[in-house]
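The sequence and the model are shown below.

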Amino acid sequence: MTMNRRVSEFILGAIPILLILGLWEYLTITKIAPPTLLPSPGAVFTRFVMQLGDPTFLSHAGVTLYRLFCGFGLAVIVGVGLGIAGVGSPLVGTLMRPVIRVLAPVPKVALYPAFMLTLGFDHASKIALVFADAMFPILLATYQGALAVDSKLVWSARAMGVSRVKSLFTVVLMAALPSILTGCRIGLIISCIVVFLSEMISSTDGLGHLLVRAARNFQTVDVFVPLIAISALGLILNTAFNMLRTYLLRGFPEEN
Amino acid sequence: MKPLTAIPGVPPLIACFFLLLGWELLARWMGLESLPTAWDTVKSLPAILSDPKALADIASSVRRMAVGFALALCFAIPVGLMMGRSRSVAAFFNPLFMIVYPVPKAALMPIIMLWLGIGEASKTLVIFLGVSLPVVYHTYQGSKAVGEKLLWSGAAMGMNPAQRLLRIVLPAAMPEILVGCRTGLVLALITMVTSEMIVRQAGIGNLLFNSLDLAQYEAVYATIIIVGALGFFLDLIFEKLRTIIVGWADPVHAVAVGSA
């Protein structure tokens, strides 16, 4: 019964995707959309698979990945660290809240020109932008998750002689892990998107640069390829992170 | 007597002051030509805000953003409500949205421009795409969580499905919908600025890069302040609106940050 339902839901879910692909194919076959404007899905996917074996393309993808993980890694360290510190010390929390209140709704991408002017046009400015964009969801999720941790847990640990600082890491951090990981997952997808956009705005390498270069030369097929690559990367990272999350949270009752 | 920091609006102001102070010190310490001091930047704000061309750029950006945001709400809220109340509709849309979710919406700008031209339509469409997903997602979550008993009571009192959706599900899901709208609003601003920075034709993003190309560094930083203030005040106004509409609900602390 549930099996049947799952199969029918799967088919139902496939319908809109197939419809879109079908419409795309139809538009290109009937030449309603000229191939210079909309290449056929077949052409795009063959090109994508071909590019996956091309070392130049892969090196561009590598540059993008490098910036992504540097920015995201920094964001996790600073975000989780500040979030836990904000809960551990009321003073830090009080100082931090208004700053977050002001900075969180600011579109970080507007800071990109400032990063370019101060950090140069190379990796550093892009990493800084990824960091600025990914840090806030992680920080907020950590802070809110850590605030919601049952104080009895901390008291028990303290009664057993764990120091204040140590209890932050052994109790609060662990108990807030589900929330922290949710924040990290949001941050990861954001990093993925932001690194691509920053490369589109100004760059000489990376997947985003490939898209802009292709668009300027009207090579429509090559416009789609980096876009598919970055979206696929986002999906893969998201799935991988979910698996990591399930593994890390295997002891948490509410996650099963 | 209330401490000064308990008055609403004061802590953010103090935070702003210290951020500017930190910037001022950093600029003085680094002494870069490309990093003007906070004071110089703030001094150049009136010049930008009184320049009719710059104001027109900002106004047209904000108008596009509002149109894209409104269109996205008209699409996303009904879709989200239906997804929440019908498993089939949810199964129909979920995989599609899952695939579309990690696509950088602002990156579609060059492609959409090929099809729709460089006019308002393509810019508004990109904002629409950027806003829709979070609003659909939160509306879906909100309407899925509505208690069955409420709906049964409504049905027992003779309400038809459409009435139940409008009179029970929509109000009950409103707090969550508004969380989605808030995320969507921030995203609208981000998508707008990003797409303008990529295409560089009109609007705030263009203003930013024009000043950059002309090496008017104070103007660059001043524009950043304007965009930041825009984000902050939009968020603030929305939060006020939220307390008026769903003051009865518990405040939701959402991770209301995103990116296009």
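## Helix α4 of chain B

Helix α4(B) comprises 14 residues and spans 20 Å between its first and last C-alpha atoms, close to the 20 Å expected at 1.5 Å a residue. The model is a predicted one.

The helix also carries a kink of about 30°, located at B:F93, shortly before the proline B:P95.

## Contact between the chains

On the side of chain B, 51 residues are in contact with 49 residues of chain A. The most is given by α10(B), which supplies 9 residues to the side of chain B that touches chain A.

In composition, this side of chain B divides into 41 nonpolar, 9 polar and 1 charged residues.

## Domains of chain A

Chain A is divided into domain 1, covering residues 1–36, and domain 2, covering residues 39–255. The centres of these two domains of chain A, taken over C-alpha atoms, are separated by 31 Å.

Contact between the domains involves 6 residues of domain 1 of chain A and 5 residues of domain 2 of chain A. The domain 1 side of this contact divides into 3 nonpolar, 2 polar and 1 charged residues.

## A:G79 in helix α3

A:G79 lies in helix α3 (residues 55–88) of chain A.

Leaving aside residues up to four places away in sequence, A:G79 touches A:M135, A:I138, A:L139 and A:T142. The C-alpha atoms of A:G79 and A:L18, which are 61 residues apart along the chain, are separated by 40 Å.

## A:F218 in a loop

A:F218 belongs to the loop between α10 (207–216) and α11 (220–248) of chain A. Its phi is near 55°, a positive value in a residue other than glycine. Most residues other than glycine have a negative phi.

A:F218 has 11 other C-beta atoms within 10 Å and is therefore exposed, the limit for that class being 12 or fewer.

Key
Residues are numbered from 1 along each chain as its sequence is written. Chains are lettered from A and ligands numbered from 1 in the order in which they are written. This is a predicted model: local features need pLDDT of at least 70, side-chain atom pairs count only at pLDDT 80 or more; totals for chains, interfaces and linings use all residues. Two residues are in contact if their C-beta atoms, placed from the backbone, lie within 7 Å. Helices (H or I, at least four residues) and strands (E, at least two) are DSSP runs, numbered from the N terminus. Ala, Val, Leu, Ile, Met, Phe, Trp, Tyr, Cys and Pro count as nonpolar, Asp, Glu, Lys and Arg as charged, and the others, Gly among them, as polar. A residue is buried if 20 or more other C-beta atoms lie within 10 Å of its own, exposed if 12 or fewer, and partly exposed in between; C-beta atoms are placed from the backbone. The expected span of a helix is 1.5 Å times one less than its number of residues. The bend at a residue is the angle between axes fitted to the seven residues ending there and the seven starting there. Domain bounds come from an automatic or database domain assignment.
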